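Please open the model in your viewer and keep the selection tool at hand. We will go from one stop to the next, selecting a few residues each time.

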Amino acid sequence: MGGEPDGRPSLRAARPLLLVVDADPERLDRLENELERSFGVDFRVRGELTAADALRCLQLARDLGQRVAVVLVDRALAADERSEILGRARVLHPDARRALLIEWGAWADRDTAAAILSAMSVGDINYYVLKPWTARDELFHRTVAEFVQEWSRNETANLREVVVVADERSSRAHAISSLLARNGIPSAFRRSGSPEANAVLHEIHEPDPGAGVLVWMPAVGGTILHDPSDAEVAEAWGVHTTLTDGLRSFDVLVIGAGPAGLAAAVYASSEGLQTLVVEREAIGGQAGTSSLIRNYLGFSRGITGADLAQRGYQQAWVFGAHFVLMRQVNRLEQKAGGFRAEISDIGEVTARAVVLATGVAYRRLGVPALEALTSSGVYYGASVSEAHGLTDRDACVVGGGNSAGQAVLHLGRYCRRVTLVIRGKDLTASMSQYLIDAIDAAANVVVRTSSEIVGGGGDGRLQSIVLRDRQTGREESLAVDGLFVMIGAEPGTGWLPGEVGRDDHGFVLAGSDAARDPRWDRSRPPQPYESTVPGLFAVGDVRCGSVKRVASAVGEGSVVVSQIHEHLKITNA
């Protein structure tokens, strides 16, 4: 047993704990044996027969600094005992994955399904696990292994593929961490001067970066970067920010790598079209900032926006799609047989068809004192990379949509208190019910309705915000360490040529909307996602009238490829 600097005993360096709770001694023995068989070398397996013993185990692990990776609790335990164990695990060990253990065939029991859904809705569990029905039950081992992998990605003490060392107040360091998170690159932040940071610097023989930022990539040859730009970080990881092979002519140019753009890239490249994707920020777009998407088909436990985006990127890449990140299209114009686009720091490329999938950008608060603290406590979007840094601190989220609700619940795992600020009278108008239920059940979340942020500030980093009650006009100062702003979005389509029809808010007209616009001058009607410019398609959030959901964006991005084929058939006729 090691110790802390103050002399307290510590198990921080010990094997992480896998805790399983089952009141039946025979079943508990089988569970322990199965867990030991697959995980016993790297994890300590602990079985408990009662809720009281499990609670003592969790508390002792917290007192000794021992990491807890997974907590499995038998569905057969009394509901109040299950809830107490899982609730305490969530508070004491927020990174631990938590699951209900159920018997094979239990899916036929509506009460079991209701218990699972209820526990997931209030954040007590991540999912359920089927108990091993025989020795070496590989489904059981695979399910637990997935939980372990999820825990490993969130556990800050683990060595990550990328390590950022900097002063905790460094806005640039936080921007790099956010960039890595949004691009699905596993990373860990090490505060300059901390034992963890010193251990890293000692291993790579580097001095403390002081006011700068050091980025170490042990997973890709141990690359070390000093005060890198976003493009340098991406290139070091192996993500292209230039067209390295000299190819300048494409069948399809996809502008934007959010869910719609990635889907278009996957389907276009898989169907033999030479495809280029240009993204000015990070893969995944706005959806990439979501800490958990639970209603996307096929991911029953939910999936982070960054993980979903990475899967789409890898699919498109395998099919041969070309990607250029950290670059933007500055100019787009029609030419004979297609389009010419000018890309920042790259130059001109041509394409026979173009897919606009640029999504939307978050609206700004417009409070100068808070704008000055962007990336220094004030963040636009659900930047999940900041949650660990706010452990036992206070945070505020502004916005009433699903992404805001997901951010609140994610922050609530770490923060002492999370305040959700909305302009409306309640959340029902813009947030899914499962999120509303989870927020209502979270003891450390406070919802401030009919409110808006009108001020705030801090000395180099956010320290407070000023709330105004929209009904009474009363203002109140609130101490917070992190502010996450998600108050709607704008399409940012002002750079497009005048031939592209847009509504009063800047969203691109397509399909029947484009057909009614005087700029459409063809005898045929435009295709459903075709803009007022033939061959220029708009999908996802940037399209006028789109449904602002990830699944809808993916659907549009996949369907538009058949329309591209039809356009190319017409132009080649």
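The tour below says what to select and what is there.

This is a predicted model, in which local features need pLDDT of at least 70 and side-chain atom pairs count only at pLDDT 80 or more, while totals for chains, interfaces and linings use all residues. Residues are numbered from 1 along each chain as its sequence is written, and side-chain values use heavy atoms, with hydrogens and water left out.

**A pair of helices**

Select residues 51–63, which are helix 2, and residues 79–92, which are helix 3; helices here are DSSP runs of H or I with at least four residues, strands are runs of E with at least two, and both are numbered from the N terminus. The axes of these two helices come within 10 Å and cross at roughly 5 degrees, where axes are lines fitted to C-alpha atoms, for helices over the stretch in contact, and angles run from 0 to 180 degrees between N-to-C directions. Helix 2 and helix 3 are therefore roughly parallel to each other, a term used for angles under 35 degrees.

**A buried strand**

Next select residues 162–166, which form strand 8: 5 of its 5 residues are buried, so strand 8 is largely enclosed by the rest of the structure. Buried means under 20% relative accessible area, with a 1.4 Å probe and protein chains only. V162, V164 and A166 point one way from strand 8, whereas V163 and V165 point the other way.

On the antiparallel side of the account, strand 10 (residues 213–217) pairs with strand 8 over 4 bridges, and W216 of strand 10 stands opposite V163.

**An open sheet and a loop**

Now move to the open sheet of 5 strands, whose order is 19-26-20-21-22 and whose pairing is parallel. Its edge strands, each pairing on one side only, are strand 19 (378–380) and strand 22 (445–448). Within this sheet, select V397, which stands opposite F484 in strand 26.

Finally, select S432, in the loop between strand 21 (417–421) and helix 13 (433–441). S432 is buried, with a relative accessible area of 17%, and, leaving aside its neighbours within four places in sequence, S432 is in contact with N402 and R549.

Technical notes:
Parallel < 35°, antiparallel > 145°, perpendicular 65-115°, else oblique. Buried < 20%, exposed > 50% of the residue type's maximum accessible area, 1.4 Å probe, protein only. Pairing = 2+ DSSP bridges. Contact = heavy atoms within 4.5 Å.
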